[in-house]
Structures are given as structure tokens and as C-alpha cells.
Amino acid sequence: MAATKLADVIVPEVFNQYVISRTAELSAFWQGGIVGELPDVTALMGGGKTVNMPFWVDLTGADEVIDDTTDLAIGKVDAKQDEAAVLIRGKAWGATDLAAMLAGSDPMMAIGDLVAGYWARRMQATLISTLKGAMASTNSPTMATNTNSIIALSPATARVFDAEAFLDACQVLGDAQQSLAGVACHSATLNLMLKDDLIDFVKPSDGSADIPTYLGKRVVVDDGLPVSSGNYTTYIFGPGAIGYAEGSPKVPTETQREALIGGGTDILVNRRKFVLHPRGVRWSGSPGSAPTPTNTDLETANKWTKVWETKQVRIVRFIHKIA
């Protein structure tokens with residue numbers, strides 16, 4: 001009997017959609033509601049390195065008393081534009097890495113789970129790079145109003161993460177802080193939360209691992225979050241603070257056979273084209289040497305500009321110590 005090849009078990013159209021859906025299921029950022037769909041953007045991703053997202057500026061000014069001698073002043077409605085970078089990424093694997101999966105009852109989905117898990121990790125890394133750059137923007141108006149840093153306070157104990165400091169960070173958004181529902185932190189910060197006995201665990205109905213919450217907010221843990229000289233960055237999010245849309249590369253998934261590599265090797269190639277964007281902070285830079293931004297490009301603070309008001313940008317950057 002001929003050996004099973006990747007081309008025998010991979011149906012590209014089905015496989016690609018499975019990987020996209022499964023990636024969202026495997027990512028705590030998606031499941032926690034931090035990442036929200038941008039359905040209107042998908043149609044705009046046919047070409048170009050960025051997508052424009054115009055929006056109406058909220059109405060301002062006091063109301064007026066109506067009388068029969070004075071006309072009402074006519075205000076105007078302004079439009080501004082958010083802009084997101086289109087990210088195009090890909091990865092190829094040889095069949096030797098996936099061979100053990102080919103014996104599964106549904107090898108296409110078994111391989112798909114491996115690929116989706118890979119993309120969940122990589123897109124989370126991309127999101128962290130994006131936050132590192134966007135939330136540090138010093139372009140006017142700066143993102144400083146969405147940041148609370150306690151690392152210079154005195155005494156030194158005031159620089160350490162605790163519930164009081166966390167609530168002060170939430171207060172950065174004033175009366176809009178009620179929308180904050182998620183926290184992304186380093187595992188060392190989570191450890192401090194646990195020591196303070198302020199972590200509650202919610203048991204999902206599907207029987208999966210318990211979900212940690214801190215002061216009612218779902219916690220996502222990732223050791224890729226910024227740490228520098230003992231200073232830790234924690235992000236606090238409102239629902240849908242990160243906008244996401246999936247486009248379609250010309251050939252999202254394909255397999256090929258290389259007869260001369262390793263005595264014969266099957267190769268699986270998977271490509272993604274997507275937007276993963278902090279709502280209200282415009283990508284105003286350009287890629288470096290690559291056609292579309294790398295994670296290093298995304299981490300560059302001067303390539304981002306805030307275009308929404310502080311309270312509308314549902315993200316707070318909290319910089320603290322843990323000891």
C-alpha cells in the first residue's frame with residue numbers, strides 16, 4: 001500500500017477555514033472578548049498594505065435654551081480616520097514534523113490543530129508587539145493618557161502591583177472604566193495576584209481549564225509581555241479593544257512533494273493575511289525592509305498615533321514592579 005501523503009489528507013479550502021476558526025478558539029485573547037471581529041474591514045483587504053477605518057467624532061458642546069428670539073447654533077459633525085496595517089505571514093513545515101499526526105482518525109483536523117495552535121501563539125506574539133508600540137506612542141496626542149506608571153513612586157513599596165494600584169490604573173479611563181473586562185499580564189504578576197489571594201477561578205461549561213479572574217476581570221497570561229529592569233507591563237482591556245479581520249492570501253494553503261529532500265518529503269505551506277489592530281490608535285508608519293510590517297516594526301512607538309479620545313481607546317497600560 002502506498003504511504004499516505006499530505007496531499008491525500010489536506011483539502012485546502014476546508015483546512016484553511018478550520019485553522020482560522022480553531023486559532024480563535026485556542027487564543028485566550030479571543031475567548032476573553034479582548035479581540036473583536038471587524039467584518040467591514042475584510043472586504044477592504046483585497047489590496048494595499050493598510051486599511052482605512054473612518055469614524056465620526058462624538059458630538060460635543062452644551063445644549064441651548066430654546067426661545068423665540070435666538071436661533072440655535074449649528075454645530076458640525078467631524079469625521080476622522082483610523083488606519084490599520086495589513087499583516088501577511090506564512091510558515092512551511094516538512095511532513096517529518098507532522099508524520100505522527102497522520103495516523104489519527106481525522107488527520108486533516110489533527111494537523112489543523114497543530115497549525116492552529118502555532119498561529120494562536122504567533123498572533124498573540126504579534127498582538128503583544130503591536131501593544132508595545134501603540135501604547136508607547138509619543139506622537140501628538142500621545143498615549144500617555146492611557147498609561148499609569150507607578151515605578152517612580154516613593155516609597156519603593158508603592159511601586160509594587162497591588163489591588164489599589166490596579167484600580168488606580170483603571171481610573172485612567174474615568175467613568176469609562178466600567179467597560180474594562182480583561183487583563184493581560186506576565187506570569188510573575190499573576191503569581192503576585194495569587195499570593196494576594198485575589199484570583200478567582202471560573203469553570204467553563206465545556207469542561208476546559210478553569211479561567212482566572214482578577215477583581216472580576218478575565219486574566220490572560222503571557223511571558224512575552226514587556227519586562228525591563230524589573231518593570232513589568234500589564235494591559236487592561238475593554239471588550240473588542242483589539243479589532244481583528246481575516247483576509248485571504250492568493251493561495252492560503254498548499255502542499256507539495258519534494259522527491260530529493262530527505263529521500264522524499266511532503267511539505268505543508270500555510271499563509272495568513274490579517275488585521276490585528278488596537279482600535280483608535282492609527283498605524284501611521286511604514287514597514288522596514290519587508291513588504292508588510294514585522295513584529296519589530298509594530299513595536300516602534302513613533303509609527304502609531306492616537307485618533308480616538310482617551311476614554312474611547314479601551315486599553316490601559318499599567319507599568320509596575322512585582323517586588
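Cys185 has Val221 of β9 as its bridge partner, within a parallel pairing in which 4 bridges join strand β6 (residues 182–185) to strand β9 (residues 217–221); strands here are DSSP runs (E, at least two residues) and helices likewise (H or I, at least four), numbered from the N terminus, and two strands pair if DSSP finds at least two bridges between them. This is a predicted model, in which local features need pLDDT of at least 70 and side-chain atom pairs count only at pLDDT 80 or more, while totals for chains, interfaces and linings use all residues. Residues are numbered from 1 along each chain as its sequence is written, and side-chain values use heavy atoms, with hydrogens and water left out.

Strand β9 also pairs with strand β8 (residues 211–214), in the antiparallel sense and over 2 bridges, with Thr213 opposite Arg218. The two strands form a hairpin with 2 residues between them, and Leu215 in the turn has a positive phi of about 50°.

In strand β11 lies Asn231, which is buried, with a relative accessible area of 18% (buried means under 20%, exposed over 50%, partly exposed in between, with a 1.4 Å probe and protein chains only). Its side chain makes a polar contact of 2.6 Å with that of Lys321, a polar contact being a pair of N or O atoms within 3.5 Å, of which, within protein, one must be able to donate a hydrogen and the other to accept it, and residues adjacent in sequence count only if both atoms are side-chain atoms.
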